[in-house]
Amino acid sequence: MGKRGRRFTRLRAIAHGGQVVVSQATHDLVLDRLPSGVALSDLGVHHLRDLGRPEHVFGLSHPDLPSDFGPLRSLDDLPNNLPSELTSFVGRADELAQIGELLGRVRLLTLTGAGGCGKTRLALQAAADALDAHPAGVWWVELSRLEDPALLPATMIGALNLHELPGWEPFDTLVEHLRQRAALVVFDNCEHLLAACAELADALLHSCPSLTILATSRAPLGVHGETAWRVPSMSLPAEAGHEPIETLARSDAVRLFTDRAIQVRANFTLTATYQAPLAPPSPLPPPPSPSTAAACSKGSRIRSRPPATTR
Ligand SMILES: Nc1ncnc2c1ncn2[C@@H]1O[C@H](COP(=O)(O)OP(=O)(O)OP(=O)(O)O)[C@@H](O)[C@H]1O
Ligand SMILES: [Mg+2]
């Protein structure tokens with residue numbers, strides 16, 4: 001699905017069943033040629049669940065169509081504190097589907113993987129997609145800048161927009177709020193606070209039966225009942241060096257590269273010139289057999305090479 005298709009899907013996700021909504025672009029195109037009885041009403045500017053730029057949304061009405069809908073189900077009207085993103089989210093459709101499925105059946109899911117592999121970005125999109133399933137909201141607790149593990153509960157209270165109750169421990173305030181609520185809390189970037197995150201997650205999950213926690217961390221939290229899910233590298237065709245550039249352009253990794261390149265140079269187009277730099281290096285040849293090595297060592301020095309890594 002292309003960028004426009006994904007935006008369309010996100011627009012449709014904020015509408016109610018039977019409701020017809022259109023974007024500003026569509027509104028401008030059709031306004032002067034609406035069939036009789038059809039009208040477009042301004043429903044305001046809304047943040048869609050791709051967490052990108054907001055969209056001005058219009059509702060289509062006709063006397064024969066239902067018209068009694070509640071507020072649009074956009075990020076603005078659902079309980080959450082998910083941060084907006086300046087860059088568009090790219091690909092990861094399979095990963096999002098798997099994470100969405102896991103969030104429906106496990107209570108502590110940790111996205112793990114090397115620094116920069118996309119854990120935070122994936123968790124953010126998965127959290128936005130999980131809004132409908134968590135009526136008490138989706139709450140983002142950003143931990144990368146938190147140094148003192150003792151401040152973790154208070155940081156979470158701030159993220160959930162709660163107030164510490166006088167005379168109460170921060171943990172008890174959290175439990176009081178979350179005990180009966182179907183909420184999703186995301187602990188983002190836990191790796192430097194593993195023990196504190198593990199302890200808080202474990203205690204909250206025991207005290208709040210409808211709570212789900214999604215964590216991102218370079219290493220699992222190590223809590224009993226945790227599902228650790230390793231974030232794979234973005235997809236790239238196995239034979240990237242030999243594929244037509246059109247095939248390469250459809251892979252997530254190259255789409256992200258192209259997206260970012262266009263931000264830097266608006267007229268950037270992906271051509272075959274980029275094939276070699278984009279293709280991963282060919283695997284190293286197998287090491288020579290001892291007899292070949294012995295033969296070669298007479299005339300040349302054989303250097304040992306590190307094994308090829310796939311990620
Ligand atoms: N699917 C994606 N679409 C768009 N941008 C992405 C995507 N995945 C990763 N990025 C970008 O790549 C960069 C690194 O991603 P991210 O911060 O999610 O990695 P991380 O695994 O959380 O890293 P760390 O371990 O350092 O926290 C960010 O700038 C992020 O916006
Ligand atoms: Mg991260």
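Trainee: What makes β4 and β8 a pair?
Mentor: Two strands pair if DSSP finds at least two bridges between them; β4 (residues 108–112) and β8 have 4 bridges, in the parallel sense, so they count as paired. L111 stands opposite W229 in β8. Strands here are DSSP runs of E of at least two residues, and helices are runs of H or I of at least four, numbered from the N terminus. This is a predicted model, where local features need pLDDT of at least 70, side-chain atom pairs count only at pLDDT 80 or more, and totals for chains, interfaces and linings use all residues. Residues are numbered from 1 along each chain as its sequence is written, with chains lettered from A and ligands numbered from 1 in the order in which they are written.

Trainee: Which strands stand at the edges of the sheet, and why?
Mentor: The open sheet of 5 strands has the order β5-β6-β7-β4-β8, with parallel pairing. β5 (138–142) and β8 (227–230) each have a single partner strand, so one side of each lacks a neighbour in the sheet.

Trainee: What makes the crossover from β6 to β7 right-handed?
Mentor: The term applies if, with the strands pointing away from the viewer, the path from the first strand over the helix to the second runs clockwise. The chain crosses from β6 through α7 to β7, and this β-α-β crossover is right-handed.
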